[in-house]
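Subject: Structure handover

Hello,

Here is the structure we talked about. My notes follow below it.

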Amino acid sequence: MRPWTLLGLVVFLLVEDGFAFKDHDFKNCSQSGFCRRGRALAARAKEAKDAWKSPYSLVADSVTVNPADATFTARVKSSLYPGIKFGLELRVHHDGVVRVRMDEIDGLRKRYDQAASWALIAEPKISETIRWTAGKKDIRAVYGAKKEIEVVVSYEPLRVALIRNGKEQVVLNGQGLLHMEHFRNKDGQEGGDGAAQEVLKAENPPPREWFEGDKEDDYWEEKWISWTDTKPKGPESLSLDITYPNHGTVYGIPQHATRLALPTTTGENSFFSDPYRFYNADVFEYLASSPVSIYGSIPVMHAHSADSTVGIFNAVASETWIDVSHASEKSTETHWISESGIMDLFLLPGPTPEDIFKQYATLTGSPVLPAQWALGYHQCRWNYMTSDDIRSVQKRFDEDDIPFDVLWLDIEYSEDHKYFIWNKKNFPDPVDMVNDVAALGRKMVVIIDPHLKRTEEYPVYQQASERGLLVKPSNGEGEYEGLCWSGKSSWMDFFNPNAWDWWKSLFKTQSLPGGAWSWTESTEDVHIWNDMNEPSVFNGPEITMPKDSIHYDGWEHRDVHNLNGMLFSNHTWQAVYERSDPPKRPFVLTRSYYAGSQRFGALWTGDNLGTWEHMAVGIKMTLSNSIAGMGFVGSDVGGFFGNPEPEMLVRWYQVGAFAPFFRAHAHIDAKRREPYLLEEPYKSYVRDILRLRYSLLPVWYTQFRETTVTGMPIMRPHYVVFPKDKNGFDLDDQYFIGSSGILVRPVTEKGATEASVYLPAENQPYYDYFNLNIFRSTTKGKTITVPAALDQIPVFIRGGSIIPTRERPRRASTAMKLDPFTLRIGLSKDGLARGELYLDDGESYDHQKGQLIWREFNADKTSGKKVKKPLLRISSRDMASHEPEAAVDGVSLKTYTPENSFAQSISDVRVERIVVAGLNKKPKSVKVDGDDGELIWEWIDGVSAGDKKEGESSVLIVRDPKVLIVKDWSIVIE
Ligand SMILES: *[C@@H]1O[C@H](CO)[C@@H](O)[C@H](O)[C@H]1NC(C)=O
Ligand SMILES: *[C@@H]1O[C@H](CO)[C@@H](O)[C@H](O)[C@H]1NC(C)=O
C-alpha cells in the first residue's frame, strides 16, 4: 500500500513527486550495469552470428564421476581468463530432475550460494542407479523407463542439453551467452591463481573485448538518481542462455503483470522492449501490462509444446533480468542475467505438466492445507478505523444476509505504526472486539510489517535492537535506517537465526516469563498479514533497501533481496503455528515471495487499480503464480486504488469468487464499498456471488487437499489440463478449478452481455453450471458464445464430473459444518461421471492423524444388488482407505480409519439433493440400492449427454435421498 496519511504523503512527495507509476522510480535494463552488460553480450553474439563461440569449456581430464551415485564434478575454464577456475557439478535426482551448479573456485571472494537451501524443503535425493559416462568430447547420462532421456554435457564449448526421445528439450549455453564474472581487484589485478597473473603480465593477453565489451561498465560503483551503490565486491554477475529448441510457448516467472504465455522481449516485433525483471519491489500503481518487477519472484519457467513440457527452476536470489524471444514459432530462447550468486539450476524433465508440478513440489514443497475459513470471503479496507467500526461492519453484513468469514485491519490499528501495539484511542478493547467477531464463527487478520519504528518506546524494536537482529548499513556498523509507515525505521533481518525464536515469542497471547514482550492483547482468532516485505523503503533506491546493506553473516542485501519476503512470512507463519498448543493452521498473507513461499500461506497480487485492465490481468497473474507453485492466490476485489462503479464491482466479485484467495480491499482514499452499501440490484448480485462461493467451498477445499499432495495447481490453465490442445496454449482468461471439472470464464469487459468461451479439444458435453444447458466440444475444440449479463458468470461443468456443494445460505463457513450436500452431476458422452469430496475439522492438524473423510462419487452403469443393468448407478465410496497413496498435506493417511472421530462428528450429514444432467431417458424407478422404497424424484425432458444436439439437457432431480456423506452407498436408477 502507499500513503495518503500525512507522513506517507510527505514521504511520497519526497521520493516520487507524482501520483502514478513512474518509470523513473525503477530502473530499466539500460540503467542497471549488469543488465546492460548482459544484453550487450547478447547483442555482440547476435552480431557475430556463427563466428560466436563461448569461451567456456569443461576441462576433460578434470571430470570426476562419483561411483556411488549420479553426480559428477569437473573444472570449467574460460579462454579469456585461463587462470580463473570454475567448478561444475551435475546431479541427477531420483526423479530425473537434473541439478546444474557452477561456482568460481578459489576466487578472491565467495558468491552467494544459499538461495536453493532456502527454497528447497530438503536436500534432494540423488539417483543411485543412473550413471554418468565420460567420453572424449562429452559426458552423458541416459535414463528413464525406456532410456528416453539423455543429458549431454559437451566439453568445448561447455553446453548442457536435456534430450527426450532424440529431441532437445532444454539447452544451457547453446547460444554461448554463459558468463560468470569472476571476482577481481579494483586495481586491475586479476583474482585466481598465479597463472592468471602470468597471463596478465604476458605480452599478449587474450583479447576480451569481443566477449566482455571494451570498457568496465559500472563494475565498481553504480550511481542512480541520488543513490550510490558501492559494490564492494565488484562485478559478479551471471549471464546464461536457456533455450528450448522444440517448445514454442513459455509460461511462469511470476510475478509480472502480463499474459500467461509470456510475450517476447527481444527480437523482431518484440512485445516488450525490456526484459522481465525479478527485483521484488513495491511498485506504486503498477502497469497492467509490463515486464517490470513487482512484489515477488519465482524463477520457474515451463516450456510447452503439444509433444512435451519441460521446466526449469533457477535458484538465484539477486536481481535478475530475463529476455524471451522466438527464433521460430517452434522454439524459445531465453537469456537470464543475474547480479550475483552461483549458478544453481534445476532442469525439470516433465514430460507432462503434471510431472513438472510433481518434480517442482518435490524440490520446494506443495502448498499447505489452509484453514477452511480462509477459503471464505475476506473483507478488508485501509482502514476500519475503530473497534466499533469493525462491529458495525459485521452487523451490516449480517443484516443484509451477506456471508463473510474474516475482517481485516490494516496499519491504522497500530499506535504510530508500531505493529502489535494497538492505538488505544480507536481500539480501546481489542480483545473484546476480536471476541465479538469470533463469537459469530469468524476470524480477524491484522497486519504486521517488517519495518520497526526506531523508538525506545517500542518494545519490539528495542528487543530486536538489543539482540542485534536488524539489517546493518553498508559499513556493517549499527542499524540500517530508512523511512516507512512508521517514520524512521529499521528492518528485521530474518536471515539471522537468532531472530527466529524471538520473533515467534512475540505472537504468544499469554505473558512470557521474565517479562519478555508478547502480544497479550491478541487472541488465537487473530491471523496475520505480512505486507511491505520486499522490503518497501520509501526513501531507498527503487523504494527498497540499498543493495550494499548488510545481512547476517555479512551477505549483502544484493545477494538475498528476492528471498527477503519469504523469510518474513515463513517466520510469521511459524509464529502463529506455535502460539497455540495443539497448533492450529495459521493464515498468513504475504505480498512478497519466492520459490517455496507456498509452504507459508497465501499471496495477493498487491496494489492493483480499480480498472477493467487490472481486473483482467489479475486473472493472468493468479494463473501464472499458480503454475509456479503459489496456489493460494487472489487479486484484491474492487481494485486497491479508485472507486469502481457498481458494474465493475459486481464483475470483480465474480472474478474474486473464482480465485483461491478471495478478498476485497480498498485504499484509504477510496469510498467505502462493502457489498451492503450497493444499491439494488447490485447488492443482490453480489450476495448471490458470495453465496455461490460458499456453496462451492467443498470443491475448493477438496482441490486444496489435492494440491498439498500433488502440487497440481488449483487454478488450472488449459495447457495444464489439455497439454496437446494447441488452441488452448495462449488461453488465460478462462481456467479449470483443480480437477473438479469446473471451467470458468470470468467476464472482465465493461458493458458485456455475452462472452466467448473455448471448449477444449475433446468430444464432450459441457454443461452451463446454472441452467445445465449442454454445449458440445469436438475433438478440434470449439469456441462458443454464451449470455453474460451482469448477473451471469460463464461457469461450466465438464461432462463426466460430480460437483459436491452445500447450498444453504449461511453467514460464515464455520456455520456450514453440519449442512447437507447437493451433488451436481454432468454426465460424460458415455453417460459416466466422477467426483471427490474431502473434509476435515478445517483448522486443527488432526487431519494429519487421519481425522477426515475423503470420498469418491461415481456415476456409472455397474450392477446394483437387485438391478443388473441400471440406467445409472450413483455411488459413494471411501477413498481414504482405498487409495494406496492416500495423503493430505504431504502426510500419508496410514492412521486413517473410517470411524475416526471427525467422521463421527458429521455422521448425520446427508445428501439432500442429487441433480443429474444428461441422462438418456426418463427412469422408471430410483432407489437406494438394496431398498425397496422409491425415492422422490423429478424428471425434466431434454438433450442427453450422448446426443449430438445442444440445448436444455435432461435433468433428473432426486430429492432428499437421505444417504449419509460418511457412508458407502449407491442409488440405482432403472
Ligand atoms: C530507460 O530509462 C531511461 C531514463 O528514464 C530512458 O531514457 C530510456 O529510454 C529507457 N530505456 C528503455 C529501453 O525504456
Ligand atoms: C523457515 O523457518 C524455519 C525456522 O522457524 C527455518 O528452519 C527454515 O529454514 C525457514 N525457511 C525459510 C524458507 O525461511
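How many nonpolar, polar and charged residues are in the lining of the largest cavity? By class, there are 3 nonpolar, 4 polar and 4 charged residues (Ala, Val, Leu, Ile, Met, Phe, Trp, Tyr, Cys and Pro count as nonpolar, Asp, Glu, Lys and Arg as charged, the others, Gly among them, as polar).

This is a predicted model, in which local features need pLDDT of at least 70 and side-chain atom pairs pLDDT 80 or more, while totals for chains, interfaces and linings use all residues. Residues are numbered from 1 along each chain as written, chains are lettered from A and ligands numbered from 1 in the order written, and side-chain values use heavy atoms, without hydrogens and water.

Cavities

The protein has 12 cavities of 30 Å³ or more. A cavity is a set of points, on a 1 Å grid over the protein atoms alone, where a 1.4 Å probe fits but cannot get out; lining residues have an atom within 4 Å of a point. The largest cavity holds about 90 Å³, the space filled by probe spheres set on points joined across faces, edges and corners. Among its lining residues are R37, H179, E181 and Y219. Helix 2 (33-48) supplies the largest share of that lining, 4 residues (helices are DSSP runs, H or I, of at least four residues, numbered from the N terminus).

Ligand 1

A polar side-chain atom of N28 lies 2.3 Å from an oxygen atom of ligand 1.

Regards

Notes: Polar contact = N/O pair within 3.5 Å; in protein donor to acceptor, adjacent residues only side chain to side chain. 1 Å grid on protein atoms, 1.4 Å probe; cavity = no way out; pocket = protein on both sides within 12 Å on 5 of 7 lines; lining within 4 Å. Helix = DSSP H or I, 4+ residues; strand = E, 2+ residues; numbered from the N terminus.
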